[in-house]
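Let's take a walk through a protein model together. Keep the 3D view open and look up each residue as we come to it.

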Number of protein chains: 2
Amino acid sequence: MNAAAPERIPIFGPPAESTAWVGPGILADADRYLVSPSGRFLLAAAPSAEPSAAILRRVLGARCVAEVAIDDAEASKSLASVEAIADAALAAGLRRDDAVVAVGGGVVTDLVGFTAAVLLRGVAWNAVPTTTAGMADAAIGGKTGVNHRLGKNLLGAFHPPTAVLVDPRALETLPDRDYRAGLVEAYKDAWIGDAALAARAGAALPGILARREAPLLDLLAGSVRVKAAIVAADPREGDRRRLLNFGHTLGHALEAAAGWGGLRHGEAVAWGIAAALEISRRRAGLPDADARAVRGVLAGLGPFPEPERDAAKLRGFLARDKKATARGLASILLPRLGAAVVDENVPSEEWLDAAAIMSLS
Amino acid sequence: MNAAAPERIPIFGPPAESTAWVGPGILADADRYLVSPSGRFLLAAAPSAEPSAAILRRVLGARCVAEVAIDDAEASKSLASVEAIADAALAAGLRRDDAVVAVGGGVVTDLVGFTAAVLLRGVAWNAVPTTTAGMADAAIGGKTGVNHRLGKNLLGAFHPPTAVLVDPRALETLPDRDYRAGLVEAYKDAWIGDAALAARAGAALPGILARREAPLLDLLAGSVRVKAAIVAADPREGDRRRLLNFGHTLGHALEAAAGWGGLRHGEAVAWGIAAALEISRRRAGLPDADARAVRGVLAGLGPFPEPERDAAKLRGFLARDKKATARGLASILLPRLGAAVVDENVPSEEWLDAAAIMSLS
């Protein structure tokens, strides 16, 4: 059964053309939305995303000229994987006017998108995220990259997918822990940029946890709209785009301190948001009711594993923040629901103090 | 002794800001021209470029916060080298607003420029080419990249250096074979885009071979001007930029067939130009006098090693041309000196036929 007309959400105009299509069942119509200058595609899919890959394989038929399997473990986000994907693509005769389709979670879209960015100095690609984290965050906005032993995403490129297909039915086989962790990013978009969406999706949390299509679609599409508006205004993360890092300044440090795989990215961000709520109350006048609303959703999405809280252990990871410049850390605070701000005057120590007392209940 | 005011040649305007500065002795004033948002630099130099690196080290002083040595062999253009440079840069605490300075030949500027393109999703860089090939070609125009086992520069990015410092005095220690091979690209720029320069530099060949500053400067600056005008009109190689590949369609195949290091890039291009002259006479009406003028300069720059001429051995390399699309090979022909054109209708076999009979004398 094919889908009703999806929602079309423009992310970037030319030259970095990027459009998200959001709708239940749209993978079955993928040939209408996926873009390739030559009409030929290389399918790069994670085994865990096989149900979605199978739909695309059927829809694309002979236009899919080659396939490469992508391991969706964080450890596969490496230059060695870029080389391996390039091997497969070039051996299959990929040309500059062909396009890649990445099918999977954030690891897959980050890695395959980056490979597309550097292959033959850049070929077009399309993202088919199959996780909540991918739909709300990784596949939207053009950031691609791999990890370096000193930190995540330290090597990368800005290379937006020409089309992003967000089909909530692709989530059907996603394990619950990943489903919930990824939703942290979707709610985060609402909290920083759309108070009405935050209220609707907050009230709809039970239905969303039960994976009911209507409220889930409302949250996912709303999240893409918020992120699209922010990244369109600031593609290269000079200013406004930093708002998307609400919860990430400390979150990245918590994630790194837990070791890769210890905390899901979204789980670490949830804790980072809890800390940001503390600092936002003190420094930005965040009303208690707003803080309670956010915390209530995070509690419902959890419980999440306990993070590292020891300042001595977190301090080094905080200092290594990729966004740090000569001016110091950029902290994202929330004066009220739906309107985040950047504050460059929050000392690292204040984040470490908040880590000691932050709570998700 | 510091330099007279150099010639300023704009290459790209914002956002891909890129400016070439051309003048004898300008390295001694490098602090006026090198650009870093933070004022801090990472110096990435080839040991063979040590005289130039020493000047920069002295001029930059404490603003040079770290150094990394780059092997300038073609084999070092690899993702493994990218990882190693990233290691050194990140270990030294490189931040997003710091900049890199690449000092060396085309291998160094291609590799370091590509690393800058992907490090922290892109940091600024400056190019200080110390070879004729780097000054006339590799450091100008924003193409960066590394090799893949299936071909040269198959992984790369468009990431122009903010500043390019072309100081002919940096060539003083360049071996004669490299000096002459690189000049093929400089003359090529004149032949495709500036008939007056081609005439002046053709007449001045003996002085240029003797490394006399005035005629060499005229050729290098003129070559940068031609290339800048072409790439500014077509940064991403959609159309006009392909003109720069005069001699390269067959040249790349000759270079690959000879094995890395068998023929210098410029030497292979010289043979490729010889073949292009044959096809240009037949298909584009190139006057005999123009063909003789080009061949005379190439003979003066040589003699160059004999290339592979066997069609059976060249055919596979020609088919793998990176610029090939579904439409086929893009051949660059020369109807007259100073005005090249793209022709998409030259069969590969015609290039292979020309390879059998091409001559540089």
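The paragraphs below go from the core to a helix, then to rings, a strand and some backbone details.

First, some ground rules: this is a predicted model, in which local features need pLDDT of at least 70 and side-chain atom pairs count only at pLDDT 80 or more, while totals for chains, interfaces and linings use all residues. Residues are numbered from 1 along each chain as its sequence is written, chains are lettered from A and ligands numbered from 1 in the order in which they are written, and side-chain values use heavy atoms, with hydrogens and water left out.

Let's begin with the core. A nonpolar core is a set of buried Ala, Val, Leu, Ile, Met, Phe, Trp, Tyr and Cys residues joined through side-chain atoms within 4.5 Å. Buried means under 20% relative accessible area, exposed means over 50%, and partly exposed lies in between (1.4 Å probe, protein chains only). The largest nonpolar core here has 259 residues, and those with the most contacts inside it are Leu165(A), Tyr187(A), Leu165(B) and Tyr187(B). Contact means heavy atoms within 4.5 Å. Leaving aside neighbours within four places in sequence, the contacts of Leu165(B) include Trp21(B), Leu34(B) and Pro129(B).

Now find a helix. Helices (H or I, at least four residues) and strands (E, at least two) are DSSP runs, numbered from the N terminus. In helix α2 (residues 50-60) of chain B, the buried residues are Ser52(B), Ala53(B), Leu56(B), Val59(B) and Leu60(B). They cover an arc of only 125° around the axis, so they lie on the same side of α2(B); the arc is that of the directions from the helix axis to the C-beta atoms. Among the elements that the buried residues of α2(B) pack against are β3 (41-45) and β4 (64-69) of chain B. After α2(B) comes Gly61(B), with a positive phi near 55°.

Next, the rings. Rings of Phe, Tyr and Trp (its six-membered ring) pair if their centres lie within 6.5 Å; planes under 30 degrees apart count as stacked, over 60 as edge-to-face and the rest as tilted. By this rule there are six aromatic pairs over all chains. One of them joins Phe12(B) and Phe158(B) edge-to-face, at 5.5 Å centre to centre and 75° between the planes. Phe12(B) belongs to strand β1 and Phe158(B) to strand β8 of chain B, so the pair ties together parts that are 146 residues apart in sequence. Both Phe12(B) and Phe158(B) are buried.

A ring can also have a charge over it (NZ of Lys or CZ of Arg within 6 Å of the ring centre and within 35 degrees of the ring normal). Arg211(B) has its charged end over the ring of Tyr179(B), 4.0 Å from the centre. Arg211(B) sits in the loop between α8 (205-209) and α9 (213-233) of chain B, and its phi is positive, near 60°.

What is the relative accessible area of Ser331(A)? The value is 0%, so Ser331(A) is buried. Ser331(A) lies in strand β10 of chain A, and its side chain has a polar contact of 2.8 Å with that of Trp351(A). A polar contact is a pair of N or O atoms within 3.5 Å; within protein, one must be able to donate a hydrogen and the other to accept it, and residues adjacent in sequence count only if both atoms are side-chain atoms.

Finally, the peptide bond from Pro14(A) to Pro15(A) is cis, with omega near 5°.
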